[in-house]
Amino acid sequence: MKPQNKRLWWERQDLCYQDGTLFFAGKSVTDLLRTTGTPAFFYNGKRMLQNIGRLHKALDQLGAHKIFYAIKANRFAPVLTHIKNGATCGVDVCSPGELLHAFSCGFSCNEISYTANSMTDAELKLLADNPDVALNCDSLSTIRRLAKFCSHRRIGIRVNPAMGIGYRDNETLKYSGDKTTKFGIYREQFDDALQLAEKHNFIVDTIHFHTGCGYLNNQLSLFSEILDATHWFLDKVKDLAFVNLGGGLGVPHDIDDKQLDLDAWVSVINSHFSGKGITICVEPGDYIAKDSGILVLEVNTVEKKRNTDFVGVNGGFNLAIEPTFYGLPCEPVVPTQKIDKMKPVTIVGNINESLDVWKDNFSMPDQIEEGDPLVFINAGGYASSMMSNHCMRGQVSENLLV
Ligand SMILES: Cc1ncc(COP(=O)(O)O)c(C=O)c1O
């Protein structure tokens with residue numbers, strides 16, 4: 001039971017208890033469920049716009065900048081339309097499907113950045129037909145094959161600075177580093193990439209890199225070292241107009257995390273790029289979407305097996321895969337605080353896989369009952385967009401609250 005008047009680490013104005021009842025986006029979760037049932041995702045549209053607004057405010061200190069929301073984090077059409085209508089923000093897409101989806105949600109070519117890998121010829125033809133989409137090429141093969149369909153196109157080059165960053169130094173969240181990865185062009189091939197671009201009359205105006213996901217304050221010095229490593233590439237590009245720093249800005253996942261200090265983040269960027277006449281671009285996904293969403297499930301099984309109290313819910317890791325996939329902390333929250341003693345439980349889903357454990361050893365009110373809802377916070381990013389129909393248990397509603 002939480003001590004009276006003491007806020008839990010994740011509580012904020014639009015996600016908090018009021019007289020023991022959990023409110024999200026101004027409505028009690030219990031009320032929200034009356035029309036949707038469970039499993040259900042709820043997204044707070046206002047929170048998404050606030051997250052974008054906060055980023056803009058920080059980036060304003062740099063002068064010219066662009067934000068492209070990485071829709072791989074959450075591509076729910078009403079969310080995209082809401083962002084299109086409510087924010088000064090483009091989108092980052094990574095496949096033909098995402099590109100066409102962005103068009104259908106109202107984004108035009110010059111609001112879209114495209115960074116993909118292992119691209120097909122058909123995909124490159126689509127990009128040739130849409131020359132105002134900012135395309136970042138991540139391999140020599142991409143540049144060579146793009147030339148089959150166009151020339152004189154402006155392109156970006158995704159580079160790999162051979163350094164990576166990730167939430168709590170999690171190797172699986174790093175896109176570059178000691179291990180050679182598929183992402184971007186390394187120093188060894190960069191001159192070849194520039195020559196190839198020149199041969200086909202492409203104008204390289206952007207250097208792009210995305211080196212990992214989920215970084216927070218204590219990794220800003222590493223972030224700075226990564227930016228340092230990118231200068232080697234930037235200095236070789238004569239028509240450089242944009243530097244795209246990718247996404248990767250993290251959000252708190254448990255009590256030990258603090259909100260990313262955007263002023264400190266911007267001052268790192270500023271220390272590297274100020275006075276160079278370059279427009280800084282970023283393409284965050286999680287920072288905009290993750291803390292804007294919750295997933296609500298229902299407890300259907302409360303049972304002790306040997307020494308373990310299990311709480312089974314009507315949704316599994318297929319609905320929000322990151323805790324299982326990347327070992328990210330997951331935070332279950334009860335919608336109604338019960339005046340009760342607590343007991344440690346193991347929360348499990350409904351998928352026939354041994355990995356299907358939401359949370360081990362989680363302290364819950366002793367009176368948790370079958371039929372009670374259970375909320376998982378931080379479910380707005382990389383949950384629905386990565387979900388599967390494994391065991392044919394992929395039915396879940398998505399609901400945008402505005
Ligand atoms: C190229 C690129 N840009 C942006 C992102 C968004 O990352 P995040 O959601 O961590 O901000 C990703 C994520 O995988 C990515 O691959």
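P39 is placed in the loop between helix 1 (29-36) and strand 4 (40-44); helices (H or I, at least four residues) and strands (E, at least two) are DSSP runs, numbered from the N terminus. A cis peptide bond, with omega of about -5 degrees, joins T38 and P39. This is a predicted model, in which local features need pLDDT of at least 70, side-chain atom pairs count only at pLDDT 80 or more, and totals for chains, interfaces and linings use all residues. Residues are numbered from 1 along each chain as its sequence is written, and side-chain values use heavy atoms, with hydrogens and water left out.

**The chain as a whole**

- The secondary structure of the chain consists of 11 helices and 19 strands.
- The C-alpha atoms of the chain fill a box of roughly 70 × 40 × 40 Å, taken along the principal axes.
- Of the contacts in the chain with a separation of 6 or more, 72% are between residues 24 or more positions apart, where contact means heavy atoms within 4.5 Å.

**Surface and charge**

- Buried residues make up 57% of the 402 residues in the chain; buried means under 20% relative accessible area, exposed over 50%, and partly exposed in between (1.4 Å probe, protein chains only).
- The chain exposes about 17400 Å², of which carbon and sulfur atoms supply 49%; accessible areas come from the Shrake-Rupley method with a 1.4 Å probe, and for residues only the protein chains shown count as cover.
- There are 40 positive and 47 negative side chains, and the centres of the two sets lie 2 Å apart.
- Lys and Arg count as positive and Asp and Glu as negative, while His and the chain ends are not counted; the place of a charge is NZ of Lys, CZ of Arg, CG of Asp or CD of Glu.

**Helix 8**

- Helix 8 (residues 220-234) has 15 residues and should span 21 Å at 1.5 Å a residue, which agrees with the 21 Å between its end C-alpha atoms; the expected span is 1.5 Å times one less than the number of residues.
- The buried residues in helix 8 are L220, F223, I226, L227, A229, T230, H231, F233 and L234.
- An α-helix has 3.6 residues a turn, so residues three or four places apart point the same way.
- The cover over the buried residues of helix 8 includes helix 7 (187-199), strand 10 (203-208), strand 11 (242-244) and helix 9 (262-273).

**Individual residues**

- Q189 is found in helix 7 and is partly exposed, because its relative accessible area is 37%.
- The C-alpha atoms of Q189 and G20 are 59 Å apart in space, and the two residues are 169 apart in sequence.
- A162, in the loop between strand 9 (154-158) and helix 7, has a positive phi of about 60 degrees although it is not a glycine.
- A162 counts as partly exposed because its relative accessibility is 36%.
- C391, in the loop between strand 18 (373-376) and strand 19 (397-401), has a positive phi of about 60 degrees and is not a glycine.
- C391 counts as partly exposed because its relative accessibility is 36%.
- E11 lies in the segment before strand 1 (15-18) and counts as buried, because its relative accessibility is 9%.
- E11 and Y215 are 204 residues apart along the chain, and their C-alpha atoms are separated by 21 Å.
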